[in-house]
Amino acid sequence: MFFAIIGTLIGVVIGLLLPITYSPTYALYVSVAILACLDSVFGGIRANLQDKFDAKIFVSGFFGNAILAAFLAYMGDRLGVPLYYAAIFTFGGRLFENFAVIRRLLLNKKPTKK
Amino acid sequence: MEKGKKVNLILLTFSALLGFMAVIQLNQDMESYNFVTLRTIQVSKNEIANTSKEIEDLETLIVEKEEEIKRIENTKDESSAHSILNEELDKTKIASGFCDMEGPGIVIIMQDNQAAEIVGYDVNDDVIHDIDILNILNDLRIAGAEAISINGQRIMPMSEIKCGGPNIKINGKSLATPFVIKAIGNPKTLYASVNAPSTYGYKLKNLYQINIETSIEDKINISAYSGNFVFRNANPTKEGD
């Protein structure tokens, strides 16, 4: 949990320092990919707290979900069907689910330690 | 402990990647993510074309003026100064319409509807009005007419075209049908400006049955304006005032 926050901050600083731009056409794909990555990181934190963390699953999920989500958004654009909704609903729903589990784990942790 | 460290490292790295991506995405210029219709593109293109043409014109004007300045500076004796002044006078006369002109162009002959039965709602629809002449005149000007006369009256910058009952007043003189409009310019574009579908002349001819005959001619003479202007209220402003 702590490391994830620190890591995000490091990433933000690097992102602010590096002047990277791309065409606004890709903005939608990237934002869906970011959602998938966010979900993966939350899932990783949750698994870490549950002591079930598997590096392979985490890494493959991180990249695989992001690429699949971006690809879905792209295909949706091509076909004229907003397919990226699938990614938004799936990852958005799972994000809250993961967050709920993390909250419970963190809140219930303290009394058990005492 | 060893495994926990590894997990934390992975989480750290990938969170960093996530934060990095998110910030890059946030830093994108989202304002350019607007919808652009084909019409807007066309309008912008036209605007650009117009502006660049204007710039080009101004540049040629600069070159012209520079040459003129050089020429004036190089004059030494009185006779050459005289000839330059005469040249200028001729140019001004040509530009203002105080000079007879000839060149290729078109002749339009307009006549009221001669048929016995009337076409429109009332007889006014079969008669040529001042507004018809004005519209055709405007079309000709858009098509690049360089000199225009109507029934021998040269159209000047200050010429009026006014309804005078059964006839039309131009330059203060009453003119009646048939109206002979002569225009010097590119004959093809001038012809098209009156005869192409959906132009005003086409409508007059086919909808209102006004007799309009247009002929392209290689040599048209347009006489100069015979009157003279009296300026009572307008005064020229001097440059640098």
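Modeller: In α4(B), B:Ile136, B:Asp139, B:Leu140 and B:Ile142 meet B:Leu190, B:Ser193 and B:Val194 of α5(B). Contact here means that the C-beta atoms of two residues, placed from the backbone, lie within 7 Å. Sorted by class, this contact holds 5 nonpolar, 1 polar and 1 charged residues. Nonpolar covers Ala, Val, Leu, Ile, Met, Phe, Trp, Tyr, Cys and Pro; charged covers Asp, Glu, Lys and Arg; the others, Gly among them, count as polar.

The model is predicted: local features need pLDDT of at least 70 and side-chain atom pairs count only at pLDDT 80 or more, while totals for chains, interfaces and linings use all residues. Residues are numbered from 1 along each chain as its sequence is written, and chains are lettered from A and ligands numbered from 1 in the order in which they are written.

A packed helix pair is described by the angle between the two axes and the distance between them. The axes of α4(B) and α5(B), the latter residues 187-195, come within 9 Å and cross at roughly 145°. Axes are lines fitted to C-alpha atoms, for helices over the stretch in contact, and angles run from 0 to 180 degrees between N-to-C directions. The crossing is right-handed, a label for a near helix turned clockwise from the far one by less than a right angle, with anticlockwise giving left-handed. Helices (H or I, at least four residues) and strands (E, at least two) are DSSP runs, numbered from the N terminus.

Strands pair if DSSP finds at least two bridges between them; β4(B) and β5(B), residues 167-170, have 4.

Helix α5(B) lies across β1 (101-111), β7 (179-184) and β8 of chain B, at about 15° to β1(B). Those strands belong to an open antiparallel sheet of 5 strands, ordered β3-β2-β7-β1-β8. At its edges, β3 (153-154) and β8 (211-222) have a single partner strand each, so one side of each is left without a neighbour in the sheet.
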